[in-house]
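Trainee: I have a model open and would like to learn how to read its features one at a time. Could you take me through it?

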Amino acid sequence: MRSEELIASLAQDLRGVRPLPSPARLLATWLGVTVPVLAAITLIMGPRPDLAGKCGEAGFLISEGLGVVTALVSAYAAFCAGRPDQPGWKLWLPMLAMLAWLGEFGRQCAVLGVQDAGGMLRLTLDPMCVPGIAIAGVIPAGFIVMLLRRSATFRRDHACLCGALAAAAAAEVALRLFHGSVNIVTLLLWQMGSVILFTALGWFASSTILSHAVRAPRRRQEAG
Amino acid sequence: MDQQGDWARWLREAQAGNRRSYEAVLRAALPWLRGMARRRFPWADAAEAEDIVQDTLLALHRNLHLYDPARPAAPFLLGILKLRGADRRRAQARHHLRTTPLDDVPVTSSSLATKETQEVSIDVGRISSAVGALPPREREILEMLKLREMSLAETSAATGMSVGALKVATFRAIRRLRAKLGVNDEE
């Protein structure tokens, strides 16, 4: 078929569509659900007893702030990934934010290791982190998949990876408000390990769901 | 620049369902897309570049809702072209991995010989199973147009679809069939 004929056919086949909201608006929508959900989970689980004291510690505030930045940048990148006209650099910002976040934990480990001659660096078991992240992250992850379903044609895997990372980072920020770790190494390995595990599982699950969600309306359209 | 301002307006009107504006923007952008395809994908021959342009048009058609009316149209079209070109290149690379060059085997070599009936039955079997895996609507349309050789008007009357919709559905069905047969991994 010649391209000119294809154009005529496509024009015949045109149906009006509703433009997708901008990435910034989708981010605001996601936050509108995620923030109240995480606040409710924190209240239900009960804020950690030393939370007021922690809020005065620079290290805690910086790592929580970097977690928030990672969640925001990742969600924004997820909403940009499906848009063909969005520049590539926006899609790689979450990796930078994640590296800065991990780097801050690494810096705190190094500082404590030097100050305490390794006393604060003893690894202890903290298996509560895995279900904690899962409970806090499942609604933000499900909601971001819902918001991504109309733009999942292009760069779907990248959108899903960023979306899963956004949900995991938001869940980790909330987790540290209701669950404390014994020391920084335990936090780094168990909590950040849970973030990476949740991101990987969320990436796989959302990519599978969205690949079916994109095909389904097309099949309905073709069958009709 | 003014021309691309028209493209943005036409795309906005196309989102509202205006077929004339849609056809205008596609026709105006076609030579520009062809030029971009040749520049961006020097590895592609003329037919391959035209396929990338057609993939771009189809992807635009399916994703018209992703266009932000506040933004210019050219980066949107170029973005689709780049992504579709990259997809096609990846598909080619995958296809290349599954093929074995036979350039160094003489064409008269007996190792290349198969019985005529064997080739026919293999081909028929592959095509039948690929056609069988198509969605029922596409299978029906291909059967009417290609096997029973009905005209577009007759098929249109039989299926209740417009001639334009039939052409698009046939185009998609053939692409899907080619993909299933391993001729082309692109949708």
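Trainee: How are α6(A) and α7(A) oriented to each other?

Mentor: Two packed helices are described by the angle between their axes and the distance between the axes. In this predicted model, helix α6 (residues 129-148) of chain A and helix α7 (residues 156-178) of chain A pack at an angle of about 140°, with their axes 8 Å apart; axes are lines fitted to C-alpha atoms, for helices over the stretch in contact, and angles run from 0 to 180 degrees between N-to-C directions. The two helices, α6(A) and α7(A), are therefore oblique to each other, given that angles under 35 degrees count as roughly parallel, over 145 as roughly antiparallel, 65 to 115 as roughly perpendicular and the rest as oblique. Helices here are DSSP runs of H or I with at least four residues, numbered from the N terminus.

Trainee: Which classes do the residues of the contact of α6(A) with α7(A) divide into?

Mentor: Among the residues of α6(A) that meet α7(A) are A:G132, A:I133 and A:A136, and the α7(A) side includes A:G163, A:A164 and A:E172; contact requires C-beta atoms, placed from the backbone, within 7 Å. That contact comprises 17 nonpolar, 3 polar and 1 charged residues, where Ala, Val, Leu, Ile, Met, Phe, Trp, Tyr, Cys and Pro count as nonpolar, Asp, Glu, Lys and Arg as charged, and the others, Gly among them, as polar.

Trainee: What is the phi of A:R155, and is A:R155 buried or exposed?

Mentor: Most residues other than glycine have a negative phi, and most peptide bonds are trans. A:R155, in the loop between α6 and α7 of chain A, has a positive phi near 45°. A:R155 is buried, with 22 other C-beta atoms within 10 Å; the cut-offs are 20 or more for buried, 12 or fewer for exposed, and partly exposed in between.

Trainee: Where does B:A130 lie, and which residues is B:A130 in contact with, leaving aside its neighbours within four places in sequence?

Mentor: B:A130 lies in helix α5 of chain B and, beyond those sequence neighbours, is in contact with B:L177, B:K180 and B:L181. Having 16 C-beta neighbours inside 10 Å, B:A130 counts as partly exposed.

Trainee: How should I read the numbering and the thresholds?

Mentor: Residues are numbered from 1 along each chain as its sequence is written, and chains are lettered from A and ligands numbered from 1 in the order in which they are written. Local features need pLDDT of at least 70, side-chain atom pairs count only at pLDDT 80 or more, and totals for chains, interfaces and linings use all residues.

How values were computed:
Two residues are in contact if their C-beta atoms, placed from the backbone, lie within 7 Å.
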